Amino acid sequence: VLRLGLYQRDDNYPCIITIYPNTSHMCLLFPLRMVANCSSSVFFCALFIIYSLSSQWHIIYINECLSTSACQLNERCMNTAGSYICQRPITCPPGYQISNDICEDINECVQQSHNCGFGFECVNTEGSFRCNPKPRCPVGFIHDVQGNCIDIDECGPSSQPCSLGFNCINTVGSYICRRKILCSRGYHASPDGSRCIDVDECQGSLHQCGEGQLCHNLPGSYRCDCQTGYQYDSFRRMCVDVNECWRYPGRLCAQTCENTPGSYECSCTSGFRLSGDGKNCEDVNECLASPCSQECANIYGSYQCYCRQGYYLREDGHTCEDIDECSQSIGHLCTYKCVNVPGSYQCACPEYGYTMSPNGRSCRDIDECATGAHNCSLAETCYNIQGGYRCLSLNCPPNYRKVSDTRCERISCPNYLECQNSPLRITYYYLSFQSNIVIPAQIFRIGPSPAYSGDNVIVSITQGNEENYFSTRKLNAYTGAVYLNRQVEGPRDFLINVEMKLWRQGTFTTFQAKIFVFITANSL
């Protein structure tokens, strides 16, 4: 047996709906009575309809408000789940309206539903309104459409209260009559007729200035002037251009002056361009356009092409031609055999018993570092040179740490000035040359890697160049080079500190290269 629930009937008797699953019947249980084995498939209990459909029972709520007898005639029926409610309608007295089931006052003055006539003012009251007469306007005033008092313009075109020879001036609530005045030429009376004011002939197109002239107003008159850069020609009665270049020779432009209508322009000769002040000329760096096949040096008003080592400048002044060092050299470039190559030459050694040294010119002696015939400690590095070797060690200064066999990096910097002045990175380099090297010789290049647009470097030797054997040269904005300027009698060792300051995005960063330069004796 399945019991669906307990429901309340309108006669206050509980109705218990019971379904017998094995049958197609349902029974309604009432107190003191029971209807069993019901043969009908639809039964009424309270406000529900229970019916059978395919052996399944369903319950549908009844909308009692569909019945005309649910509520009385003056009541409103509202259906609810399983029941309904009867409400009495709300009626408001005149002057009120329903808002959220509440009677509220109607403001007839705001809604313009009053019948107050012209000259009366509407005043809202609870449930009604009243019309109060507006106050009378004083003398010189009149009511407008809204009933407000406004000033009467006694001096209007419809009325002229003043006699001839007088001007009427309206005031608040009245007017005054003022005698008219006569003004001389170039003046006219003010609107109130009390004074004479100047006539601006330039604004009113009353002047007779010619074409190209400027009109300047004066008290009672005007003046015609020529524009800047022009002067008045009384014979032709017109403004003519002033040739400033002839009138002020050598005082307006640094190089060339060209007259223009009403002004002048300065220009510059080849190799120069006009500066920002429009008068002076500044040198043009022609090298930025790369007119030379190799190297370019800007000079004042021009430029000079020059070639790298191993080339010479041809008659056209722009092209570099290879030098055959082997045939044109006065001395011996190589100890055994010279072979010319573009821009340089190469030395060859005998087929047996020799190998080419690192400088590429002489035949190398025995490499003590390779054979182990040296006395360098474990903490030192053996560096072979012509006729010997060197034991080198890399010790990083304080506040630097060793990151490789040839490089130290800064750990920290206490302030901004220290960050700019102390090197971010110290790198060691080892170079070996024979004493008969051709000078000046470019022995080292330095620059940022990678380089970006806008980079600029400053390269200088800070230590180890007391005898001025070396110098630095800027090859371009981001590359510098170290040159050996004078012949050195070998063997001799140098340790030079080369500092590069990199300007990038508004900040200087310092890098240092410690270069060991070993000048050895000439090879065989």
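1. Cysteine 71 and cysteine 86 are joined by a disulfide with an S to S distance of 1.9 Å; a disulfide here is a pair of cysteine sulfur atoms within 2.5 Å. The torsion about this S-S bond is about -85°, so the disulfide is left-handed. It links distant parts of the chain: cysteine 71 is in the loop between β7 (56–61) and β8 (76–80), and cysteine 86 is in strand β9 (residues 83–87), 15 residues apart. Cysteine 71 is buried at 15% relative accessibility, whereas cysteine 86 is partly exposed at 30%. Buried means under 20% relative accessible area, exposed over 50%, and partly exposed in between, with a 1.4 Å probe and protein chains only. Strands (E, at least two residues) and helices (H or I, at least four) are DSSP runs numbered from the N terminus.

2. On the basis of the note: this is a predicted model, in which local features need pLDDT of at least 70 and side-chain atom pairs count only at pLDDT 80 or more, while totals for chains, interfaces and linings use all residues. Residues are numbered from 1 along each chain as its sequence is written, and side-chain values use heavy atoms, with hydrogens and water left out.

3. How many disulfides does the structure hold? There are 23 disulfides. One of them is formed by cysteine 137 and cysteine 149, with sulfur atoms 2.0 Å apart. Its S-S torsion is about -95°, so this disulfide is left-handed. Cysteine 137 lies in the loop between β13 (128–133) and β14 (141–143), and cysteine 149 in strand β15 (residues 149–151), so the bond ties together parts that are twelve residues apart in sequence. Cysteine 149 is partly exposed, at 37% relative accessible area.

4. Another disulfide pairs cysteine 334 with cysteine 347, sulfur to sulfur 1.7 Å. With a torsion of about -75° about the S-S bond, the disulfide is left-handed. Cysteine 334 sits in the loop between α2 (325–328) and β32 (337–341), and cysteine 347 in strand β33 (residues 344–348), 13 residues apart. Cysteine 334 is buried at 10% relative accessibility, and cysteine 347 is buried at 9%.

5. Six strands form an open sheet with mixed pairing, in the order β38-β39-β40-β46-β45-β42. Two strands pair if DSSP finds at least two bridges between them. Strands β38 (400–404) and β42 (456–463) stand at the edges with a single partner strand each, so one side of each is left without a neighbour in the sheet. From one strand to the next the twist averages 30°; axes are lines fitted to C-alpha atoms, for helices over the stretch in contact, and angles run from 0 to 180 degrees between N-to-C directions. Within the sheet, β39 (residues 407–410) and β40 (residues 425–434) run antiparallel and are joined by three bridges. Glutamate 409 has arginine 425 in β40 as its bridge partner.

6. Strands β16 (residues 166–171) and β17 (residues 174–179) run antiparallel, with six bridges between them. Cysteine 168 has cysteine 177 in β17 as its bridge partner. The two strands form a hairpin with two residues between them, and glycine 173 in the turn has a positive phi of about 85°.

7. By the ring rule there are nine aromatic pairs: rings of Phe, Tyr and Trp (its six-membered ring) pair if their centres lie within 6.5 Å, with planes under 30 degrees apart counted as stacked, over 60 as edge-to-face and the rest as tilted. Phenylalanine 272 and tyrosine 300 have ring centres 4.9 Å apart and planes at 75°, so the pair is edge-to-face. Phenylalanine 272 is in strand β26 (residues 272–274) and tyrosine 300 in the loop between β28 (295–299) and β29 (302–306), 28 residues apart.

8. Tyrosine 383 and tyrosine 430 form a tilted pair, 5.7 Å centre to centre with 45° between the planes. Tyrosine 383 is in strand β36 (residues 381–385) and tyrosine 430 in strand β40, 47 residues apart. Tyrosine 383 is buried at 19% relative accessibility; tyrosine 430 is partly exposed at 24%. Ring pairs link Tyr383, Tyr430, Phe516 and Phe518 into a cluster.
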